[in-house]
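Subject: A structure to look through, with notes on helices, pockets and cavities

Dear colleague,

Please find the structure below, followed by some notes that you can read alongside it.

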Amino acid sequence: MSSIGARPLVIDTKASQIRQRLSEAIINGELRPGDRIVLDELARELGVSKIPLREALSSLEGAGLVVTTPHAGPRVAPLPTHEIRGIYLVREQLEPLAARLAAEHANDELIDELHDLNDRMRRRAGRASDVEMSGLNSGFHLAIARATTFQTVVESVDELITKIRRYRSIAEGAPADWDGAIAEHEEIISALADADAERAAAAMRAHVHARRLIEPTAEAGDGHA
């Protein structure tokens, strides 16, 4: 019985590793929207059986990164650019809430983590790739989401930021203002350090709104110049 029970753990570990690798490839734009995922080729490339591969793809489909259609098999999920504005509009409601809740649980560990991530962004700005900077930025926002203690908030923030990262990885000439983002992060950290929930929410709302203003697709039809 114990040997039978141990077998799925190995498969789960492989599936998790495969999921991580494919997720990174999709988020970073190595696999682009609409690309076919051929199981036989991918299994040979990774040196695994189709069992953990199918499990990983099923998980990615649940996360909205992969779609499967009859007779066509799995593909990288499409990313309609008109959805970007909607993503930012949702973030402007969700992330201020996350910041407000995080302020209620803010401690030295969280503040130190946020300072560390923002300092790394500051040191790497202008030298690092957009992929690396986006990864650090994602870590900053997810740290705040985790501080809310609500997994639903974490998953929602993660999904929205992942979609933005996918868009930026495939968009030609997508603007970036990491210096501005870093300065806005400092305002958020300051409010959290003071346990000022309202100021934290306002700083986060201003931050997400400022990021939306520099994304041309996110502003389409919004009335802003």
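Which helices each supply at least two residues of the lining of the second largest cavity? They are α6 and α7, where helices are DSSP runs of H or I with at least four residues, and strands are runs of E with at least two, numbered from the N terminus.

Before going further, please keep in mind that this is a predicted model, in which local features need pLDDT of at least 70 and side-chain atom pairs count only at pLDDT 80 or more, whereas totals for chains, interfaces and linings use all residues. Residues are numbered from 1 along each chain as its sequence is written, and side-chain values use heavy atoms, with hydrogens and water left out.

Cavities

The structure holds two cavities of 30 Å³ or more. Both cavities and pockets are found on a 1 Å grid over the protein atoms alone: a cavity is a set of points where a 1.4 Å probe fits but cannot get out, a pocket is an open set with protein on both sides within 12 Å along at least five of seven lines, and lining residues have an atom within 4 Å of a point. Grid points are joined across faces, edges and corners, and a volume is the space filled by probe spheres set on the points.

The second largest cavity, with a volume of about 40 Å³, is lined by Ile27, Asn28, Asp130, Val131, Ser134, Arg165, Arg168 and Ser169. By class, this lining has two nonpolar, three polar and three charged residues, where Ala, Val, Leu, Ile, Met, Phe, Trp, Tyr, Cys and Pro count as nonpolar, Asp, Glu, Lys and Arg as charged, and the others, Gly among them, as polar.

The largest cavity holds about 200 Å³ of space, and of the 18 residues that line this cavity, Tyr88, Asn137, Arg168, Trp178 and Arg211 lie nearest its centre. At least two lining residues come from each of α4, α6, α7, α8 (178-193) and α9 (197-213), and the largest share, four residues, comes from α7. The lining of the largest cavity divides into eight nonpolar, four polar and six charged residues.

The largest pocket contains about 540 Å³ of space. Its lining has 27 residues, and the closest to the centre are Ile27, Leu65, Asp158, Glu159 and Thr162. The elements that give two or more residues to this lining are α1 (2-27), α4 (83-105), α6 and α7 (151-170), with α7 giving the largest share, eight residues. By class, the lining of the largest pocket has nine nonpolar, nine polar and nine charged residues.

In the second largest pocket there is about 230 Å³ of space, and the residues that line this pocket include Arg21, Leu22, Ala25, Arg36, Glu41 and Leu46. Two or more lining residues come from each of α1 and α2 (39-46), and α2 provides the largest share, four residues. Seven of the lining residues are nonpolar, none is polar and four are charged.

Helix pairs

Two packed helices are described by the angle between their axes and the distance between the axes. Here axes are lines fitted to C-alpha atoms, for helices over the stretch in contact, and angles run from 0 to 180 degrees between N-to-C directions.

The axes of α6 and α7 come within 9 Å and cross at roughly 165°. That makes α6 roughly antiparallel to α7, since angles over 145 degrees count as roughly antiparallel, those under 35 as roughly parallel, 65 to 115 as roughly perpendicular and the rest as oblique.

For α5 (residues 108-124) and α6 (residues 130-147), the axes come within 10 Å and cross at roughly 165°. This angle makes α5 roughly antiparallel to α6, and α5 passes α6 in a left-handed crossing.

Lastly, the axes of α8 and α9 come within 8 Å and cross at roughly 165°. As a result, α8 is roughly antiparallel to α9, and α8 passes α9 in a left-handed crossing.

With best wishes

How values were computed: A crossing is left-handed if the near helix is turned anticlockwise from the far one by less than a right angle, and right-handed if clockwise.
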